[in-house]
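Please consider the protein shown below, first as a whole and then through a single residue.

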Amino acid sequence: MIRSELIQKVAEDNPHLYQRDVEKIVNTIFDEIVEALSAGDRVELRGFGAFSVKQRDARVGRNPRTGEAVEVEEKHVPFFKAGKLLRDRLNGKE
C-alpha cells in the first residue's frame with residue numbers, strides 16, 4: 001500500500017471528512033514520526049509496532065564490482081519492530 005492508497009482508504013472509511021483533511025492528517029502523522037526519529041526518540045504504536053533508530057558503526061566494505069576495500073561511514077538507520085498483535089494477525093492467530 002502506498003501513501004495515496006492509505007489516504008483514499010481512510011477517506012472512504014470516514015465519509016464525514018474531506019479527502020484534503022485526511023491527507024493533512026496522514027501527512028502530519030508521518031511527519032511527526034520522522035521528527036521523533038530524527039530527534040533520537042522511539043515511536044510506539046500499540047498493537048502495531050515500534051519505530052526506533054539504530055546506529056551502524058563504521059566499517060570496511062567491498063565494492064562489489066571491483067572487489068576494492070571501501071570505508072563505510074558510521075550511520076543511523078530506522079528500525080521497525082512489529083508488535084504482538086501484528087505478528088499474531090500475520091500468523092493467523094487472531
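In the protein, residues 24 or more positions apart account for 30% of the contacts with a separation of 6 or more, where contact means heavy atoms within 4.5 Å. The model is predicted: local features need pLDDT of at least 70, side-chain atom pairs count only at pLDDT 80 or more, and totals for chains, interfaces and linings use all residues. Residues are numbered from 1 along each chain as its sequence is written, and side-chain values use heavy atoms, with hydrogens and water left out.

The protein contains three helices and five strands; helices (H or I, at least four residues) and strands (E, at least two) are DSSP runs numbered from the N terminus. Their order from the N terminus is α-α-β-β-β-β-β-α. The radius of gyration of the protein is 19 Å, well over the 12 Å that the globule rule gives for 94 residues, so the protein is more spread out than a compact globule. This radius is taken over C-alpha atoms, and the rule is 2.2 Å times the number of residues to the power 0.38. Along the principal axes, the C-alpha atoms fill a box of roughly 60 × 35 × 30 Å.

Buried residues make up 16% of the 94 residues; buried means under 20% relative accessible area, exposed over 50%, and partly exposed in between (1.4 Å probe, protein chains only).

Phe-80 lies in strand 5 (residues 75–82). Phe-80 counts as partly exposed, because its relative accessibility is 33%. Leaving aside residues up to four places away in sequence, Phe-80 touches Phe-48, Gly-49, Ala-50, Phe-51 and Leu-86.
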